[in-house]
Amino acid sequence: MKTRIVFSEKCLGYGSWHIEGPNRVKAAFDALRDKGYEVVEPLPATEEDLLKVHDAEYLWNLKKGLVEDPDTPAYDNIYEYARLSAGGAILAAKTLGFSLMRPPGHHAGKAGAALGASTRGFCYLNNVAVAVKALAKPTLILDIDGHHGNGTEEIFLGSEYVYYVSLHRYPHYPGTGVTSSMNCFNYPLPADCGERRYLKTLEDALRMVETHTFEIVAVSAGFDTYKGDLASLGLTEQSYREIGRKIANLGRPAFFVLEGGYNGVKNGACIHELLSGYEG
Ligand code: Q9C
Ligand code: ZN
């Protein structure tokens, strides 16, 4: 069965001057629609959904437009945009789809910037964390964005029912994810390490968690590991097809939530390869 794309064009309404801008999602959406993917529209996550992840005070300040940092502007109505993106992740979890929404989420911790990071790295609400908490099932979160998901790690560190596995560039923003602890398994990789080393590392990482029990895989699907992108590890379209195959080999249902990836056309191609590899 072909994975459905979760998308609302409402997510294109802010930040056209920013690198985390609408075209990175719009161009990807157009490419995937042309390839025949079915599309479903999300509803915003509820406050109850968000409170399972974030502090009430952070949510209040976000809603009032009071939280800003050099990477992550206090756009008008950003709380509503972020709530819809989190709702996209929930719908992807419920339908085993791919949420092609923005803003991204994995740098957002319980109360904003996480684990000592200087900024929220274009993130407001931790979409994948909201979805995982809404499902409330034993989950493996596989974070293939090229930056460490410091927010996701902060939220789930020590959790009994979630495993977090991240492959990311290091040294690089946000500077976390150097070592593994408890249920969080980190694999820092040097800039432009290339597909061979990446896929070998992914295989090692997934072998580590094999023995643990999880019912579903939540993929923090960032594409800034693509060659030349913001956290390049030198990957190509083909690399994402291989990553998709490895996710399928875990033998569990999976859903996908967009994180980074700053070239819309490339994002579309890489998402198609990832899902094609996954679907086999
Ligand atoms: N201000 C994601 O890919 N760069 N976020 C900071 C120094 C921040 C990336 C540079 C990169 C954030 C979702
Ligand atoms: Zn990233």
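How far is a nitrogen atom of ligand 1 from an N or O atom in the side chain of His107? I looked this up and got 3.4 Å. A polar contact here is a pair of N or O atoms within 3.5 Å; within protein, one must be able to donate a hydrogen and the other to accept it, and residues adjacent in sequence count only if both atoms are side-chain atoms.

**Ground rules**

I note that this is a predicted model, where local features need pLDDT of at least 70 and side-chain atom pairs count only at pLDDT 80 or more, while totals for chains, interfaces and linings use all residues. Residues are numbered from 1 along each chain as its sequence is written, chains are lettered from A and ligands numbered from 1 in the order in which they are written, and side-chain values use heavy atoms, with hydrogens and water left out.

**Ligand 1**

I went on to the other polar atoms beside ligand 1. Asp71 has a polar side-chain atom 3.2 Å from a nitrogen atom of the ligand. For Tyr262, a polar side-chain atom is 2.6 Å from an oxygen atom of ligand 1. On its own ligand 1 has 410 Å² of accessible area, and the protein covers 74% of that. Such areas come from the Shrake-Rupley method with a 1.4 Å probe; for residues, only the protein chains shown count as cover.

I then listed the surroundings, taking a residue as near a molecule or strand if one of its heavy atoms lies within 4 Å of it. Around ligand 1 I found Asp71, Pro104, His106, His107, Gly121, Phe122, Asp145, His147, Tyr173, Asp224, Gly260 and Tyr262. I sorted this shell into four nonpolar, five polar and three charged residues. In this sorting Ala, Val, Leu, Ile, Met, Phe, Trp, Tyr, Cys and Pro count as nonpolar, Asp, Glu, Lys and Arg as charged, and the others, Gly among them, as polar.

Asp145 and His147 are both buried. Buried means under 20% relative accessible area, exposed over 50%, and partly exposed in between (1.4 Å probe, protein chains only).

**Ser232**

I looked for Ser232 and found it in the loop between strand S9 (216-221) and helix H8 (237-249). Helices (H or I, at least four residues) and strands (E, at least two) are DSSP runs, numbered from the N terminus. Ser232 counts as buried because its relative accessibility is 3%. A contact means heavy atoms within 4.5 Å. Apart from neighbours within four places in sequence, the contacts of Ser232 are Arg169, Ala191, Asp192, Asp224, Thr225, Tyr226 and Lys227.

I checked the peptide bonds. The one joining Arg102 and Pro103 is cis, with omega about 5°. Pro103 sits in the loop between strand S3 (98-99) and strand S4 (108-109). Another cis bond runs from Tyr170 to Pro171, with omega near 0°. I placed Pro171 in the loop between strand S7 (162-169) and strand S8 (184-189).

Next I checked phi. Phe122 is not a glycine, yet its phi is positive, near 75°. Phe122 lies in the loop between strand S5 (112-113) and helix H5 (127-135). Phe122 counts as buried, at 12% relative accessibility. Met182 also has a positive phi, about 50°, without being a glycine.

**Helices**

I counted seven buried residues among the nine of H5. They are Asn127, Val128, Ala129, Val130, Ala131, Val132 and Leu135.

In helix H1 (residues 23-34) I looked up Val25. Val25 is buried, with a relative accessible area of 0%. Leaving out neighbours within four places in sequence, Val25 is in contact with Phe7, Cys11, Leu12, Leu100, Arg102 and Leu258.

My last entry is His272, in helix H9 (residues 264-279). His272 counts as buried, at 17% relative accessibility. With neighbours within four places left out, its contacts are Leu32, Lys35 and Tyr37.
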